[in-house]
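Subject: Structure for you to look at

Hello,

Here is the structure I said I would pass on. Please open it and keep it beside this email while you read.

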Amino acid sequence: MATRQEAREAREAKLDELHERLTGAVERLVSGPDWARALAFAARFRSRSFNNATLIWLQHMEAFEAGRVSEPFPSYVAGYKQWQQLGRQVEKGQPGYQILAPVTGRFASANPADADSWRRLGKGEKPRPGEVVRSKMVGVRPAYVWDASQTSGDPIPEPPAPRLLEGEAPAGLWDGLAAQVEAAGFAVLRVPHEGMIHGANGMTDYTANTVAVRENMDPAAQVKTLAHELGHVLLHGPDAEEARQHRGIGEVEAESVALMIGAAHGMDTSGYTIPYVSTWAARVDGREPVEVVKATGERVRKTALAILDQLDTEQIGDGTPPGLDRDAARREAPAHARSAAEPAAPRRVASLPEPGARPVAVPAFEGRGL
Ligand SMILES: [Zn+2]
């Protein structure tokens, strides 16, 4: 009989193994094209954390290579009992994909503003009169999910998937993004050509509080540029020094947000180039590149998710089977992207033209799994 100690050690060994796999996967993702592919996949599984989306992707790929699943990309994942709730059963011999599930604890305090005053409540323990109770994540544990293709039973309702012609922008996306730029206090300007914004496709000016996008591109490229600038508006401050130091990271983050927004609307992402991820990740002092990349992936996902949540547009699925009420998915999502934004820094500078025009190819969505 396994003792409690042995069970804990087994769980910790499993967690170590999971973290190792994740680190290995992220290390392989840091070259340009792979990073774009990983983000497009994360957009398809945006209800899961970036780490968990990566773990699901990795294990599904292994299952596909081993011939256990028929499709190279997963569609919807859920837990064993969640599939049963939807009238489906995990097929015999299909191992689940290990992911990291949050472990939460309950904390109580009579003085919530004082960070040191919080004490963890024991199992079933009630707070004292006048105390406030909050749940907080205290760790992770391994959990299992299965892809739809590993289950059988009731059909899964397929929501309509957005389909786009070449160069076409998703319906309502420009207006929805523009409203969010304006809500952040920036005016949206359309300029006739790149000559007016330093040869760029778009430009965020933190002094004038404007976001400009050139009009002499197809609508898909314009809306992608607006999403990129909204990424800057929500994630980056006007601080000139910070901008100089982290320009590379800032551009990768903004372009990654734009990619996830586009992917969630069925736009083809093969035209995105997100260069030098490994180069900038190696330059952040005191942090392992792989940690920087993981943190960036999650920061980007949270921002994209907050933007997507406020849009009234037709979007592709988020990795959770239609009809499943997965409270955890909501808990993973931030209430609003501004929580991830820079604190208001002194408005010293600076207009940041995009570095050169990127190759913009937005052919029709082919319905690929990515
Ligand atoms: Zn930019």
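Below is what was found in it, taken region by region.

This is a predicted model, in which local features need pLDDT of at least 70, side-chain atom pairs count only at pLDDT 80 or more, and totals for chains, interfaces and linings use all residues. Residues are numbered from 1 along each chain as its sequence is written, and side-chain values use heavy atoms, with hydrogens and water left out.

Helices (H or I, at least four residues) and strands (E, at least two) are DSSP runs, numbered from the N terminus. Two strands pair if DSSP finds at least two bridges between them. Strand 3 (residues 97–109) and strand 5 (residues 132–147) are antiparallel and share 13 bridges. One of the paired positions is serine 109, whose bridge partner in strand 5 is valine 132.

Contact here means heavy atoms within 4.5 Å.

How many residues of strand 9 are buried? In strand 9 (residues 210–214), five of five are, where buried means under 20% relative accessible area, exposed over 50%, and partly exposed in between (1.4 Å probe, protein chains only). In a regular strand the side chains alternate between the two faces of the sheet. In strand 9, Thr210, Ala212 and Arg214 are on one side and Val211 and Val213 on the other, and both faces are covered.

Strand 9 has pairing partners of two kinds. Strand 7 (residues 187–191) runs parallel to strand 9 and is joined to it by five bridges; leucine 189 stands opposite alanine 212. Strand 8 (residues 202–205) pairs with strand 9 in the antiparallel sense over four bridges, and threonine 204 stands opposite valine 211. Strand 8 and strand 9 form a hairpin with four residues between them, and asparagine 209 in the turn has a positive phi of about 55°.

**The nonpolar cores**

A nonpolar core is a set of buried Ala, Val, Leu, Ile, Met, Phe, Trp, Tyr and Cys residues joined through side-chain atoms within 4.5 Å. The largest one has 73 residues, of which Trp35, Leu39, Leu177, Leu226, Ile261, Val277 and Ile307 touch the most other members. Apart from it lies another core, of seven residues, including Tyr76, Ala78, Val90 and Ala148.

What does leucine 226 touch, not counting residues up to four places away in sequence? Among its contacts are Val211 and Val213, along with Trp174, Leu177, Ala178 and Val181. In helix 5 (residues 173–183), the buried residues include Trp174, Leu177, Ala178 and Val181. Just after helix 5, glycine 185 takes a positive phi of about 95°.

**Salt bridges**

The structure holds ten salt bridges. A salt bridge is a side-chain nitrogen of Lys or Arg within 4 Å of a carboxyl oxygen of Asp or Glu.

- Lysine 224 and glutamate 255 form one, with the closest N and O atoms 2.9 Å apart. This pair links distant parts of the chain: lysine 224 is in helix 6 (residues 219–235) and glutamate 255 in helix 8 (residues 247–264), 31 residues apart. Both residues are buried.
- Glutamate 298 and arginine 301 form another, at 2.8 Å between the closest N and O atoms. Both lie in helix 10 (residues 289–309), three residues apart, about one turn of the helix. Glutamate 298 counts as buried at 18% relative accessibility, and arginine 301 at 1%.
- Arginine 128 and glutamate 131 meet at 3.7 Å, N to O. Arg119, Glu125, Arg128 and Glu131 are linked in a network of salt bridges.

Regards
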